[in-house]
Amino acid sequence: MMRLPPFTYLAPRTLHAAATALAEHGADAMPVAGGTDLFPNMKRRQFEPKVLVGLRGIRELTGIRGRGREGMTLGAGTTLSAVAAHPEIVAHYGALATAAGLVSSPQLRNMGTLGGNVCVDTRCNYYNQSHEWRKAIGFCMKKDGDICLVAPGSSRCWAVSSSDTAPVLWSLGARVRLVGASGERVVPLEALYRDDGIQYLTKQPGELVADIVLPPADGWTSAYLKLRRRGSFDFPVLGVAVALRMDGDRVGEARIVLGAVASQPRPAPDAAAALAGERLTPELITRVADLAAGPSKPLDNTDFTHPYRKKMTRVFVARALRALAGLPGGGRAAEEVA
Amino acid sequence: MTKQDFSIIGQPLPKIDAWAKVVGETKYADDFFLPRMAYGRLLRSPHGHALIKSIDVSRARELPGVYAVITGADLPRVKFGILPVSQDEEALCTEKVRMVGDAVAAVAAVDEETAERACRLIEVGYEPLPTLMSIEAALAHPEIRIHEYGDGPNVHKNVALQFGDVEAAFAASDLVREDVFFYEGNTHLPMEQHAAVAHATPDGKLTLWSSTQTPHYVHRLLPRILDMPAAHIRVVAAPVGGGFGGKLDPFAHEIAACRLSQLTGRPVKIACSREEVFYIHRGRHPVLMWIKTGFTKAGDITGCHLKTWLDGGAYGSYGVASTFYTGVINPVTYKMPVYKFEGARVFTNKPPCGPKRGHGTPQPRFALECQLDKAAEQLGLDPAEMRARILAEPYTKTANHLTVTTIGLGECIDRVVEASGWREKWRGWRSASAGASTAPAGKRRGVGIAASAYMTGAGTAIYWNSMPHSGVVLRADRSGGVTVLCGATDIGQGSDSILAYLPAEVLGIEPKDVHVHPADTSLTPVDLGSYSSRVTLMCGMAAIQAAGRLRGVIAQAVAEKLEVAAESLAFRDRKVGVPDQWERALTFTQAVELAEARHGVLAFAGSYAPPKRAGKYKGGGVGPSPCYSYSACVVELSVDEETGEVELHDVWIAHDIGRALNPLLVEGQVEGSVYMGIGEALMEGQVFRKGLHKQPSMLDYKSPTTLETPDIHTFLVETDDPEGPFGAKEAGQGPLLPVPPAIANAIYHAVGVRCDEVPITPEMILKGLELRRKGKSARVGPEKIPLFKFKEALMVESAFGRPADAVAVRPFQS
């Protein structure tokens, strides 16, 4: 049996107290909300924090406020189940409800939070292994070692962004409110990420994601499709988030963001630009899907082969667009699993 | 007895341990907590193949909280193995490790964390050797030897048997097909991880509680490994949370717990992690197969020649038996007049393979059933009708001298063909010429069929002896309760329940009146273990015999009291009396008291050993079974031509169970087998990368969830086999066999792609579709077979079609 390493657990009641505790303990401390990602990783010794700052008792982190037409604010501590089931989110930010509802399993969605999923650790099947396994193969640079086992010549880590909600929130134009011991700031969600498997978040270690702020949903529709082996449990090995604002029968504005093909959500701006001002015809969809597959550059460090994940990018983008255009052959998220 | 006479048999009763399991009351081995207990842990090798140059445990011993640290030097220098012919394992390796996960040292400490820390303080000096990670690599590098024994460099076992002239048969055939298949290895994935608690007591005795499927074989091996008398060792099988064949060997953690307990004087528990269970393994062998079969125009098989190469992993385990099983069961299903089988098991630096549900037979079954589908297409035959035409004859011998009794396969095929709407859905061979090449990519439906046979218990024990394979002691007490002692091990299949139902049926009492005490070598007569689908038949026959003996003594006492003939008495509703004078009937409790007063203590034994039918040739001991179960399966699925993903809609499966002692349990076994077959067909793979297991966790080793499990429609066919208890055959393994080939055949029907390899992944299907678009053969699978010389085949006359005994004489029958 694998055991958690010993740690001190702090249970602050306010965001300020939590941020202060994180600042005080510095590199020794980590925040934890649902724990569905962190605790298994701690058992495998990917993280060995001396202090855990528990966020579950902080009331201001939970709750969903606002309406679709004026924009919404989602507390980072809101469970994924609550996000998936919220009628206003289902109605106006459909892809977000879909993505939240496809994370792991029902039990883990009841524990796991939106903030936790936005910040979920990057994954790699050379890294998400026990200490003994990693020692046997020779530790990698993400923990205890100094090389990348996926791309041995590389100077950086290629662990994969494995959040379902992050590409969707990016495509929806979400912002995040970050709270630290010395103040707070609001940044576009995309500014939270960087393409590095180790330092995949730009926030300061002492900062906490407090809220996810969604812009007004006026005229926007969205879709999310997820590739994984099974209909439950599995992390995405490809996520496709598409958001469209229609202008009559033409696309006014579009955003396409890919998940799980890089160390951060990966936008496909050329594909999105090709949609602007156009009618969603099957021919256009094919062209856009080809363009969207360009930025998809998976490596061989997840389930399925990486050429397959690349190939599926095109298929999934086309399906998401067909679904939003009401054309036949659009995928429903629940069907996109083997 | 006819069916309507039964009161318990045939009823869909809950298992006797169902409540305890549902409410979490059942105490598995890891739930045992004894006073002063220490916690153990094994240090395992990080190298796939290496010489051990030194082991320094001094720093670990000094760690506060550590009670003992042992290495192979603390155990007798003997090698062991479950089969007498493959004594190649050490609990703690002394000179060499042969796989990542081989144990080299063990620690007992105050808690698991301390034990783990101590393991990290043990310094082992290794000299790494090249690793061999595939059949091809092991055969290509005879200079790198994993073991010094076997039938050649890195060849554990090389067998060749020929029954009749296959070449002559091929020459006289209308169609001869040669195909190559590969079946990837996979693991059992029991919910319960292996655990053991050992307690060496001050009187010099030792008790081991373990999640084992075979307490008897562990009991036989421990004395030699621990160098102490068997009479001073007691092995108890704790309730097993899923076995599937993965808990059938003696394991390092069991042996280390025993030795650590002897050294510390404390009970010692070792509970394995999920990752360790992947290294313990003993699961499905990866098997590469070449199969050549001849057919007549009408679809009759004229002869068959099968070659198999098994990737055995680092140790022998049950591998010699596994090798035979890849060959010997195939002739049981269809008329196969002549047959040649060549098999080789190869050592590699991977966790050892062994028996997993269907032991060695799902792989050749996949090959044969997929090949039959291809032949049916070439011959323009309906694959369901073709199979139904060529069924083996009941009460005959097969080419390889196996005796077959009842065969319900014809009815099984009829039932699934009928229920699935096969005729409307199949509608001829269509997919190879029509469909995907011109139509836009979409989801295509298809149906596929396959059939199979499996043994109901191995006809011989793993060590040669003439003693019973299963024994029961049954004791009636004055409360009216009956106690059953039997060495059988309930691994979830319900053997404890069967041991309650059968005596209850014979004695006219309720299953709740029967107290079952299983699997304790000090208390219970030997049952060989839960493997080869032997338990219901063998312990069932022993239980019926013991209950019959008790019934006879009770009947005599009651007959005297009532002044009637003993033969006129009926036992039912907890009463004993003459049916037409039922008002005078005695209660079962009164009857027991009368009988005890007349006879003395009411304790009776029952014994069972299978009929002696081993073929009179070397190797003839593997394959014989009292009787064989049969299954037929139709699968309906859709294939997404854009993604290659397969969605299963329905599985119709009919199983010849002989008699369903409890249809609820049988259906549970059938559904569980189907589920496991789906996993093997579509996603499970025990695969390695850079010398390491690629995915040793339940998240990353992909096994289906309920969402991937389609509606399963189960049909039970009863043939009332004279060899089985009240006519029953096995249910726990056979129904897995037709599932993978039925899925492969349905995929071909849907999109015209032949997947000659499992697991069938979306990538493989896309590759097949791509080949098809290019106008090439849309086949995906292994391309070549190893250059390997099998030994000269042992020539044996084919026994095909000879009449076989209806009911053989069994040992211990009277």
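**A helix in chain B and its setting**

A: Helix α14 of chain B, residues 495-507, comprises 13 residues and spans 19 Å from its first C-alpha to its last, which is close to the 18 Å expected at 1.5 Å a residue. The model is a predicted one, and within it 13 of the 13 residues of α14(B) are buried, so this helix is largely enclosed by the rest of the structure. Directly after α14(B) comes B:Gly508, whose phi is positive, at about 70 degrees.

As to how far chain B can be read, its mean pLDDT is 96, with 98% of its residues at 70 or more. An exception is found over residues 433-437 of chain B, where the pLDDT is below 50 and where the stretch has 10 contacts in the model beyond near neighbours in sequence. Where pLDDT is low, the predicted coordinates should not be read in detail. For the model as a whole, the scores are ipTM 0.96 and pTM 0.97.

Turning to chain A, its secondary structure amounts to 12 helices and 12 strands. The radius of gyration of chain A is 20 Å, in agreement with the value near 20 Å that a compact globule of 338 residues would have, and along the principal axes its C-alpha atoms fill a box of roughly 60 × 45 × 30 Å. Of the 338 residues in chain A, 53% count as buried; among contacts in this chain with a separation of 6 or more, 65% are between residues 24 or more positions apart.

Chain A also contains an open sheet of 5 strands, in the order β4-β5-β8-β6-β7 and with antiparallel pairing. Its edges are formed by β4 (64-67) and β7 (183-188) of chain A, each of which has a single partner strand, so that one side of each is left without a neighbour in the sheet. On average, and with direction ignored, neighbouring strands of this sheet are turned by 20 degrees against each other. Within the sheet, strand β5 (residues 71-75) of chain A runs antiparallel to strand β8 (residues 208-214) of chain A and is joined to it by 4 bridges; A:Met72 has A:Leu214 of β8(A) as its bridge partner. Helix α1 (residues 15-25) of chain A packs on the sheet, where it touches β6 (175-180) and β8 of chain A, and the direction of this helix makes about 135 degrees with that of β8(A).

Note on methods:
Residues are numbered from 1 along each chain as its sequence is written. Chains are lettered from A and ligands numbered from 1 in the order in which they are written. This is a predicted model: local features need pLDDT of at least 70, side-chain atom pairs count only at pLDDT 80 or more; totals for chains, interfaces and linings use all residues. Helices (H or I, at least four residues) and strands (E, at least two) are DSSP runs, numbered from the N terminus. The expected span of a helix is 1.5 Å times one less than its number of residues. A residue is buried if 20 or more other C-beta atoms lie within 10 Å of its own, exposed if 12 or fewer, and partly exposed in between; C-beta atoms are placed from the backbone. The radius of gyration is taken over C-alpha atoms; the globule rule is 2.2 Å times the number of residues to the power 0.38. Two residues are in contact if their C-beta atoms, placed from the backbone, lie within 7 Å. pLDDT is the predictor's confidence in each residue, from 0 to 100. Two strands pair if DSSP finds at least two bridges between them. Axes are lines fitted to C-alpha atoms, for helices over the stretch in contact, and angles run from 0 to 180 degrees between N-to-C directions.
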